[in-house]
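Subject: Structure for your review

Dear colleague,

Please find below the structure that I am handing over to you. My notes on what was found in it follow directly after.

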Amino acid sequence: MKRSTINEIMAAADDLIRHHGFTLPPFAYWTPDEFRARTDARRIVEARMGWDITDYGQGDFDALGLFLFTLRNGSLADLQRGRGMVYAEKLLISRQDQISPMHTHVIKSEDIINRGGATMVIELFGSDDDGNCASDRGGVVLCDGIERAYAPGEKLKFAPGESITLMPGDWHAFWGEGGDVLIGEVSTVNDDITDNIFREPIGRFAEIDEDVAPTHLLVSDYDTWLPV
């Protein structure tokens with residue numbers, strides 16, 4: 001993805017988030033120079049909180065992509081101990097007909113909430129005995145606290161305010177129907193580097209063409225743009 005495109009997506013996402021009554025935290029608006037100058041941002045970097053825009057390495061963001069902002073994130077060590085900061089929260093934007101591809105998680109359980117906009121569609125499959133996506137298996141999820149069985153490949157639809165709880169092994173893809181959707185994610189500790197298991201062999205992060213300077217850093221920029 002071109003950095004200029006990423007900058008444009010950030011600006012549009014911030015407008016949509018504000019339109020639905022949310023405001024991003026102060027660190028969202030730091031410039032790269034401000035971020036580099038901070039001596040108190042270690043926890044933000046370690047938890048990989050911040051902007052995340054991906055085309056899954058496929059070069060077609062409008063068709064296969066996702067906007068995310070990680071608002072808060074705990075630590076795997078706390079999760080393993082069973083106490084401490086064991087949770088994470090994100091805002092996502094799924095554009096109309098923009099696929100976030102079929103995947104599951106090994107560790108993370110998550111609530112996916114339609115925070116506003118159009119209809120959120122989630123396609124679901126269960127796992128086979130080896131944990132792979134099973135075309136012939138469904139499962140059971142919670143939708144706003146109510147158990148709901150799903151058939152393999154069933155597409156569940158969620159209006160603003162509605163939500164679904166997904167557990168490890170629930171394979172899912174999602175997109176906006178009829179317009180763009182602001183999505184909330186509340187989960188256990190999030191690890192986007194190792195805990196996204198895709199059905200197809202694709203990448204999690206975008207490859208970036210630095211055609212202009214970044215407005216704000218992505219979480220995938222931290223390792224190369226920030227001092228060790």
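In this predicted model, Asp 209 and Lys 2 form a salt bridge, with 3.1 Å between the closest N and O atoms. Asp 209 sits in the loop between strand 12 (197–198) and helix 5 (222–225), and Lys 2 in the segment before helix 1 (3–19), so this pair ties together parts that lie 207 residues apart in sequence. Asp 209 has a relative accessible area of 38% and is therefore partly exposed. Lys 2 is likewise classed as partly exposed, because its relative accessibility is 42%.

This pair is one of 20 salt bridges counted in the model.

Lys 157 and Glu 177 meet through their side chains at 3.0 Å, N to O. Lys 157 belongs to strand 9 (residues 154–158) and Glu 177 to strand 11, so here the parts tied together are 20 residues apart in sequence. The relative accessibility of Lys 157 is 48%, which means that it counts as partly exposed; Glu 177, with a relative accessible area of 31%, is partly exposed as well.

Arg 38 is partly exposed, with 37% relative accessible area.

The side chain of Glu 185 makes a polar contact with the side chain of Lys 108, at 2.9 Å. When neighbours within four places in sequence are left aside, the residues in contact with Glu 185 include Ala 88, Glu 89, Lys 90, Leu 92, Ile 112 and Asn 190. Lys 108, Glu 110 and Asp 111 are also among them.

The surface has a nonpolar feature to note. Leu 76, Val 106, Ile 107 and Ile 197 make a nonpolar surface patch of about 320 Å². Ile 107 is partly exposed, its relative accessible area being 41%.

Finally, some values for the chain as a whole. Its secondary structure comprises five helices and 12 strands. The radius of gyration is 17 Å, which agrees with the value near 17 Å that a compact globule of 228 residues would have. Along the principal axes, the C-alpha atoms fill a box of roughly 50 × 40 × 35 Å. Of the 228 residues, 49% are buried. Where contacts link residues at least 6 apart in sequence, 73% of them join residues at least 24 apart. The chain exposes about 10800 Å², and carbon and sulfur atoms supply 50% of that area.

With kind regards

Methods:
Residues are numbered from 1 along each chain as its sequence is written. This is a predicted model: local features need pLDDT of at least 70, side-chain atom pairs count only at pLDDT 80 or more; totals for chains, interfaces and linings use all residues. Side-chain values use heavy atoms; hydrogens and water are left out. A polar contact is a pair of N or O atoms within 3.5 Å; within protein, one must be able to donate a hydrogen and the other to accept it, and residues adjacent in sequence count only if both atoms are side-chain atoms. Contact means heavy atoms within 4.5 Å. A salt bridge is a side-chain nitrogen of Lys or Arg within 4 Å of a carboxyl oxygen of Asp or Glu. Helices (H or I, at least four residues) and strands (E, at least two) are DSSP runs, numbered from the N terminus. Buried means under 20% relative accessible area, exposed over 50%, partly exposed in between (1.4 Å probe, protein chains only). Patches are made of residues with over 30% relative accessible area and no salt bridge: like charges are joined within 9 Å, nonpolar side chains (Val, Leu, Ile, Met, Phe, Trp, Tyr) within 5 Å. Accessible areas come from the Shrake-Rupley method with a 1.4 Å probe; for residues, only the protein chains shown count as cover. The radius of gyration is taken over C-alpha atoms; the globule rule is 2.2 Å times the number of residues to the power 0.38.
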